[in-house]
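Here is a brief report on one structure. Look at the model first, then read on.

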Amino acid sequence: MGRNPLLKVYVSGYGENPMKYPHHRFFCPQADPLYPSVPPGFVASGPNSGTLDPWAYAGSKTGRPAAQTCYVDHVESFMTNSVTISLNAALAWVTYYLDGSDPRPSNTPTNPVTTIPTIPGVVEDINNDGTVNMHDVVIIAKAFGTVPGDKIFDKRCDLTNDNGINMADVMILALKFGFVYSV
């Protein structure tokens with residue numbers, strides 16, 4: 001969010017110096033004033049010192065800028081200013097995690113909640129909803145780095161039973177990610 005050598009925010013519409021001209025087919029008023037500007041919340045790829053993108057080198061006197069300064073906010077800079085689904089999906093997940101909200105609908109008469117019993121051997125389904133999915137990832141991420149006695153320690157997330165929520169637990173969950181079971 002702007003804490004880098006260029007003081008640049010690689011997310012559009014945020015901070016004092018946000019990205020404005022991504023390499024994008026639709027949001028590019030720099031290429032044609034009739035095109036719309038990029039809306040807030042898009043993330044660009046950022047600095048790339050290994051690029052062959054001539055736009056990223058344009059301002060350099062040595063021909064190759066330093067690693068964290070090899071970036072230009074220009075519609076033609078395809079290697080440093082691209083807007084991709086993989087980058088924006090990561091931003092969406094982090095935003096969801098930091099927000100702490102649950103996108104699932106609440107219990108209503110038209111949407112009753114049914115309790116799914118825990119099936120032995122599917123400890124990775126932390127919230128017991130019948131699927132090892134992003135809800136389980138978010139639960140484990142919130143408890144990551146905690147040990148018993150910490151306020152947010154969640155025993156359900158200690159998949160290795162080593163009294164700590166760490167990468168070993170995340171890897172166990174990852175091996176069953178997408179696993180669906182029926183009762």
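One aromatic pair turns up in a search of the whole structure. Such a pair needs rings of Phe, Tyr or Trp (its six-membered ring) with centres within 6.5 Å; planes under 30 degrees apart count as stacked, over 60 as edge-to-face and the rest as tilted. Y10 lies in the segment before α1 (54-57) and Y71 in the loop between α1 and α2 (85-99), so the pair ties together parts that are 61 residues apart in sequence. Helices (H or I, at least four residues) and strands (E, at least two) are DSSP runs, numbered from the N terminus. Y10 is buried at 15% relative accessible area, and Y71 is buried at 9%. Here buried means under 20% relative accessible area, exposed over 50%, and partly exposed in between (1.4 Å probe, protein chains only).

This is a predicted model: local features need pLDDT of at least 70, side-chain atom pairs count only at pLDDT 80 or more, and totals for chains, interfaces and linings use all residues. Residues are numbered from 1 along each chain as its sequence is written, and side-chain values use heavy atoms, with hydrogens and water left out.

The protein chain has four helices and zero strands. Buried residues make up 32% of its 183 residues.

**Salt bridges**

The whole structure holds four salt bridges. Each is a side-chain nitrogen of Lys or Arg within 4 Å of a carboxyl oxygen of Asp or Glu.

| Pair | Closest N and O atoms |
|---|---|
| D73 and K8 | 3.3 Å |
| K176 and E124 | 3.4 Å |
| K155 and D158 | 3.5 Å |

D73 forms its salt bridge with K8. This pair links the loop between α1 and α2, where D73 sits, to the segment before α1, where K8 sits, 65 residues apart. D73 is buried at 16% relative accessibility, and K8 is buried at 9%.

K176 forms a salt bridge with E124. K176 lies in the segment after α4 and E124 in the loop between α2 and α3, so the pair ties together parts that are 52 residues apart in sequence. K176 is partly exposed at 26%, whereas E124 is buried at 6%.

K155 is partly exposed at 46% relative accessibility. Its partner D158 is buried at 2%.

**Around D158**

D158 is in the loop between α3 (134-143) and α4 (167-175). A polar atom of the D158 side chain lies 2.9 Å from the backbone nitrogen of N163. Leaving aside neighbours within four places in sequence, D158 is in contact (heavy atoms within 4.5 Å) with F153, N163, G164, I165 and D169.

Which residues are in the largest nonpolar core? The twelve are V122, I126, V132, V137, I140, A143, F153, C157, L159, I165, L173 and Y181. Such a core is a set of buried Ala, Val, Leu, Ile, Met, Phe, Trp, Tyr and Cys residues joined through side-chain atoms within 4.5 Å. The largest share, three residues, comes from α3. A second, separate core of five residues includes Y10, M19, A44 and V83.

α3 is mostly covered, with seven of its ten residues buried. These are H135, D136, V137, V138, I140, A141 and A143. N133 caps the N-terminal end of α3, with a side-chain oxygen 3.1 Å from the backbone nitrogen of H135. Just after α3, G145 takes a positive phi of about 85°.

Notes
Polar contact = N/O pair within 3.5 Å; in protein donor to acceptor, adjacent residues only side chain to side chain.
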